[in-house]
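User: I would like to learn how to read a structure, feature by feature. Can you take me through one?

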Amino acid sequence: MRRTTTTISTETFELANFRWDNLGFDHVQTDYMYVMKCSNVGEFSEGELLPFGNIELSPSAGVLNYGQGLYEGLKAYRKEDGSILLFRPKENALRMRLGAERICMPSPTVEQFLKAVKHTVFANKRWVPPPGKGSLYIRPLLMGSGSVLGLAPAPEYTFLIYVSPVGNYFKEGLKSINLVVENEYHRAAPGGTGGVKCIGNYASVLKAQSKARANGYTDVLYLDSIHKRYLEEVSSCNVFVVKDRTISTPEIIGTILPGITRKSIIDVARKQGFQVKECRISVEEVFDADEVFCTGTAVVLSPVGSITYLGKRTSYNNNGIGVVSQQLYSFLTNLQKGVTEDTMGWTVPLN
Ligand code: COI
């Protein structure tokens, strides 16, 4: 494989030979993946880096038959001096442990998770995009890989991490997205698994997402399944509503994913003097909002340009980004990329 060497500031770092200018959110194959197994339910053995490639699974693996699987998503950024920063990896480790408990899987310890993430990023460091071109998306998976025919937790588990350089999740980038409120399908129900990152939560949104896209919308905004009235989240991200100096987001009540970007934006907004409310937000409140935006690891922060509910379309900021959204976006992304000092203590340098 051909390699290029790029000099930025005084440091030199090796980059994969790749068209860095056109990154979207498609999988790009990198050099290595990390694999760790847990055979006697409980403890994971020492993991190893393997060349990226297909994995072997029994057709009767728990993940294939009964969906016993979770995933995480986090990012690594390259600084101007060529060094690499991870954003809040411990939060992902902790969230994976909570999700694993919910669907009866053993999970790596926080230390195992962090070590695995660091090893994987280090081994693939030539795939961390140059500053300003994107980030390295890190995808940890935890799955029931053991064979199981009757419905039960699998007898063996595999933890795997692969990575991919990525750019914008929505093709709109920082231009606004158009959402449609979904009335027929729901993402989650009380007592279900909507609050953890289990793989099944994502298959279940595909139908509504396809319908929305076919009708010209970017994505779907879900309502709660009981009252069909309160905002939950978008297929791949959390949602925030801005009115004057108050920023509201649906409270975490088991049906909403506790997003790490969501949590970070709440802290940033409070630090900047906004009142932040985690509460029930009725769909009518979006008609009156000044700005609406979405947050997620993949999405980062995406301004919403319009929301259509029962055929009525409400638009925001002439389909651009609102002042508050822009302010929060800039603070967060400058911190993530190491452009400004990390006053929140969220970034972890890759040594
Ligand atoms: C993420 O933002 O990391 C997610 O898990 C959403 C996914 C649909 C890309």
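User: Is T30 buried or exposed?

Analyst: First, the ground rules. This is a predicted model, where local features need pLDDT of at least 70 and side-chain atom pairs count only at pLDDT 80 or more, while totals for chains, interfaces and linings use all residues. Residues are numbered from 1 along each chain as its sequence is written, and side-chain values use heavy atoms, with hydrogens and water left out. Now the term: buried means under 20% relative accessible area, exposed means over 50%, and partly exposed lies in between (1.4 Å probe, protein chains only). T30 has 4% relative accessibility, so it counts as buried.

User: Where is T30 placed?

Analyst: Elements come from DSSP runs: helices are H or I of at least four residues, strands are E of at least two, and both are numbered from the N terminus. T30 sits in the loop between β2 (11-16) and β3 (32-38).

User: Which residues does T30 touch?

Analyst: Contact means heavy atoms within 4.5 Å. Not counting residues up to four places away in sequence, T30 touches F52, N124, W127, V163, S164 and P165.

User: With which side chain does the side chain of T30 make a polar contact?

Analyst: A polar contact is a pair of N or O atoms within 3.5 Å; within protein, one must be able to donate a hydrogen and the other to accept it, and residues adjacent in sequence count only if both atoms are side-chain atoms. Here the partner is the side chain of N124, at 3.1 Å.

User: How are two packed helices described?

Analyst: Two numbers do it: the angle between their axes and the distance between the axes. Axes are lines fitted to C-alpha atoms, for helices over the stretch in contact, and angles run from 0 to 180 degrees between N-to-C directions. Take helix α2 (residues 89-102) and helix α3 (residues 110-123): they pack at about 130°, with axes 9 Å apart. That makes α2 oblique to α3. The classes are: under 35 degrees roughly parallel, over 145 roughly antiparallel, 65 to 115 roughly perpendicular, and the rest oblique.

User: Is the crossing of α2 and α3 left-handed or right-handed?

Analyst: Left-handed means the near helix is turned anticlockwise from the far one by less than a right angle; right-handed means clockwise. The α2 and α3 crossing is right-handed.

User: Which residues make the contact of α2 with α3?

Analyst: From α2 come P89, K90, N92, A93, L94, M96 and R97; from α3 come V110, F113 and L114. These residues divide into seven nonpolar, one polar and two charged. For those classes, Ala, Val, Leu, Ile, Met, Phe, Trp, Tyr, Cys and Pro count as nonpolar, Asp, Glu, Lys and Arg as charged, and the others, Gly among them, as polar.

User: At what angle do α6 and α7 cross?

Analyst: Helix α6 (residues 260-271) and helix α7 (residues 323-336) cross at roughly 110°, and their axes come within 10 Å. That makes α6 roughly perpendicular to α7. The crossing is right-handed. T261, S264, I265, V268, A269 and K271 of α6 meet L328, F331 and L332 of α7. This contact divides into six nonpolar, two polar and one charged.

User: Which value does phi of K228 take?

Analyst: Phi of K228 is near 55°, a positive value in a residue other than glycine. K228 lies in the loop between β11 (219-223) and β12 (231-234). K228 has a relative accessible area of 39%, so it is partly exposed. Another case is L310, with phi near 50°, again positive in a non-glycine residue. L310 is in the loop between β17 (300-309) and β18 (312-315). At 63% relative accessibility, L310 counts as exposed.
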